[in-house]
Amino acid sequence: MAAVFLILPGLARAEIGPGDLTLTVTPERNGNADPFAREMVLLRIRGVYRQPILLEEVIQPSLANFSWTQLGRDTWSKTRLPDGQVAIAFDRVVAIFPHHPGDFTLDPFLHRLTVNDGGIRKVVDVPSPPVQLSVANWTKPVGGPDAKEPWWLPAREVTITDSWSPDPETVKIGESTRRIVTLEAHGMVAEGLPPRPVMRTRGILTFAGPVTRETIITPTGPIARATYQWDVRPAIAEVIPLDAIVIPWFDTVSRTLREAEIPARQIGGGLPDREEDAKPVTPASPLVVMAAALAAFGFGLALIGFGVPTRPRPRLDRATRRALAQAAATGDAAAFRTRLTPALQGTPDLARAWRADPAIAAGLGALDGAVYGRGPATALDLPDLARRLARPVPAPARRRANHGRLADLDGRS
């Protein structure tokens, strides 16, 4: 579609010379390797024009053997050339997805421009050079774009978040809990994400909700997001284990197969907070009970004059502790950081105690370095960090009111 483009000030209105109007198409290969079928390749289309542009229209080739989608809107900007002159820059990003392996030639894109050539309106077609693109065959024994299972999911990074409301361990027979799983894949569009996983086990009724998909455009490429939803109701008065759901994916940067996991949970029953809580209570003899009662009575009297506080020690909730342990077991630093973030932001007592502990503070620094590239690269021991974060921290000190001492009886203060 033709569009009016304002003339940038400072551009000369001289006649068109060689190199004044250039258009290039650059394929961005993941990991600098030939893509596989259905793996996204970004085409970065860039025009640099020394002449004022009055009207413009991009004519795209048919792109046979590829599916494609434009990512975001075209952008126009000013750019400075090596010789110091100012020119107009045009940018468009198109994602293409090869249908099958082979060696392909992408025909030229054509930018039809209406320019001011020495005071005369002129229509000029600016073609890009053709682009050679090879699509590789999948040679590994498992997976790949042509396998019926598992779903072919090529991405730079895959993250999964899993939330329940209420906690599934607190749900009783006849009650419901809602599970929401969000899958994000960096470097692909939402249409390439898998269908809703199958969540089925003995003793529960599952009602699948809607699936929502969206593609988020970022400066480094698209992020695909899918949200899956289920309402789950136990049908038996027993503890119901729910197995983990594994989602294989292909890491387009390291060019290796990897796995993301929707964590295992249990429905009903509730888990003890500590292993000791699960042990049966041994009945005490009457003499032991009487002696303990007398000791407790005497100790209570002694405490009356001292006012010893009994404040609970802050600790991560059970679901977060389990999620951190699972992420640590799989070595998934990104999932570990995602599950830890709400605790860092929402429980200041915990966050303050963790940062005061040198071992935990060093582990959190190594975690941020691994996930975000912040600070110096240090060794990250996720299982050790998960164990330290799971422990109760000292209760925050109670601030004592300063009432001062009583005045002397004779009035002296």
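Reader: What is the volume of the second largest cavity?

Author: About 30 Å³. A cavity is a set of points on a 1 Å grid, over the protein atoms alone, where a 1.4 Å probe fits but cannot get out. Points are joined across faces, edges and corners, and a volume is the space filled by probe spheres set on them. Two source notes apply. This is a predicted model, where local features need pLDDT of at least 70, side-chain atom pairs count only at pLDDT 80 or more, and totals for chains, interfaces and linings use all residues. Residues are numbered from 1 along each chain as its sequence is written, and side-chain values use heavy atoms, with hydrogens and water left out.

Reader: Which residues line the second largest cavity?

Author: Lining residues have an atom within 4 Å of a point. Here they are E28, N30, M40, L42 and R156. By class, that lining has two nonpolar, one polar and two charged residues. Ala, Val, Leu, Ile, Met, Phe, Trp, Tyr, Cys and Pro count as nonpolar; Asp, Glu, Lys and Arg as charged; the others, Gly among them, as polar.

Reader: Which element gives the most to the lining of the largest cavity?

Author: Helix α2, with four residues. Helices (H or I, at least four residues) and strands (E, at least two) are DSSP runs, numbered from the N terminus.

Reader: Is R339 buried or partly exposed?

Author: Buried means under 20% relative accessible area, exposed over 50%, partly exposed in between (1.4 Å probe, protein chains only). R339 has 22%, so it is partly exposed.

Reader: Now pockets. How much space lies in the largest pocket?

Author: A pocket is an open set of points with protein on both sides within 12 Å along at least five of seven lines. The largest pocket holds about 590 Å³ of space. It is lined by 27 residues, and V158, T330, D332, A333 and A335 are the closest to its centre.

Reader: Where does that lining come from?

Author: Six elements each supply at least two residues: β13 (157-165), β19 (245-251), β20 (256-262), α2 (318-330), α3 (333-346) and α5 (358-372). Strand β13 gives the most, with six residues. The classes in this lining are 13 nonpolar, five polar and nine charged.

Reader: On to the rings. How many aromatic pairs does the structure hold?

Author: Nine. Rings of Phe, Tyr and Trp (its six-membered ring) pair if their centres lie within 6.5 Å; planes under 30 degrees apart count as stacked, over 60 as edge-to-face and the rest as tilted. Take F36 and F250: centres 5.5 Å apart and planes at 80°, so edge-to-face. F36 lies in the loop between β2 (21-28) and β3 (41-49), and F250 in strand β19, 214 residues apart. F36 is buried at 13% relative accessible area. F250 is buried too, at 1%.

Reader: How are the planes of W76 and F90 arranged?

Author: They are tilted, with 55° between the planes and 5.0 Å centre to centre. W76 belongs to strand β6 (residues 75-80) and F90 to strand β7 (residues 86-98), 14 residues apart. W76 is partly exposed at 23%, whereas F90 is buried at 0%.

Reader: Which residues do ring pairs link into a cluster?

Author: F36, W138, W152 and F250.

Reader: Last, the backbone. Where are the cis peptide bonds, starting with P150?

Author: One joins E149 and P150, with omega about -5°. P150 is in the loop between β11 (131-135) and β12. Another runs from S165 to P166, with omega near -5°. P166 is in the loop between β13 and β14 (177-186).

Reader: What is phi of L63?

Author: Near 55°, a positive value in a residue other than glycine. L63 lies in the loop between β4 (53-59) and β5 (66-70) and is buried, at 5%. R38 also has a positive phi, near 70°. R38 sits in the loop between β2 and β3 and is partly exposed, at 37%.
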